[in-house]
Amino acid sequence: MNLLRKNKNWIIGLIIITVFDFFIQPQVEKHYLKFDIENFTKLYYFKIIITATAILAVSIIAYSLIKRKSFEIIAGYFLGLVLFCFIFFFVMQSVLTTVILFVNKLDSKSEHKEVYKILYVTDNKFISAYNINRNDDFIDEKKFLNSKQNINLKKLKVGDTLVFDMNVGLFGVDYFIKN
């Protein structure tokens, strides 16, 4: 029992991360194409880490200078903070990405259409399609069904096109418009 009291905060943190990873993240990500999530992570996540770390570092340095700390203490604070931020942001990447994608959907900048051409259909229930404008953007039946399209999978055949209505969110990440 004493062990639980000592590690109460760690246990609560692990429960929160588990709930995010297994329940909240899939609900948020079903509104996005895999291509858009990967593109957001590649293009912006590192910039977010650098910006947040820089803001915290400047704050710590300013606070230390106001309190007239020595250079060695300020350097120690700075290095410790930078190390902590990079470890924290990389460990918490899925949680932070989920939160950012959730906030992205709160406001819409514009609407557009994404057009996909079906590569194959098997057993009238499995499909794969590619974006006609981007070579490395593919979807499967899960994303098709999550997009709330009013098309029956059994009626689709190779060569058909699928048109998805998309919104551009607050941070510029596309997401499905609810039908």
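A crossing of two helices is called left-handed if the near helix is turned anticlockwise from the far one by less than a right angle, and right-handed if clockwise. The model on screen is predicted, with local features needing pLDDT of at least 70 and side-chain atom pairs counting only at pLDDT 80 or more, while totals for chains, interfaces and linings use all residues. Residues are numbered from 1 along each chain as its sequence is written, and side-chain values use heavy atoms, with hydrogens and water left out.

Select helix α2 (residues 8-29) and helix α5 (residues 93-104); helices here are DSSP runs of H or I with at least four residues, strands are runs of E with at least two, and both are numbered from the N terminus. α2 passes α5 in a left-handed crossing. Now show the side chains where the helices are in contact (heavy atoms within 4.5 Å): Phe20 and Ile24 are among the residues of α2 that meet a set in α5 including Val95 and Phe102.

Next, select strand β2 (residues 126-131), which pairs with strand β1 (residues 108-122) in the antiparallel sense over six bridges; two strands pair if DSSP finds at least two bridges between them. Tyr116 stands opposite Asn131 in β2. Moving on, β2 is also joined, by three bridges and again antiparallel, to strand β3 (residues 138-140), and the hairpin between β2 and β3 runs through six residues.

Finally, select Lys113 and Asp165, which form a salt bridge (a side-chain nitrogen of Lys or Arg within 4 Å of a carboxyl oxygen of Asp or Glu). This pair links distant parts of the chain, with Lys113 in strand β1 and Asp165 in strand β4 (residues 161-169), 52 residues apart.

Key: Axes fitted to C-alpha atoms, helices over the stretch in contact; angles between N-to-C directions.
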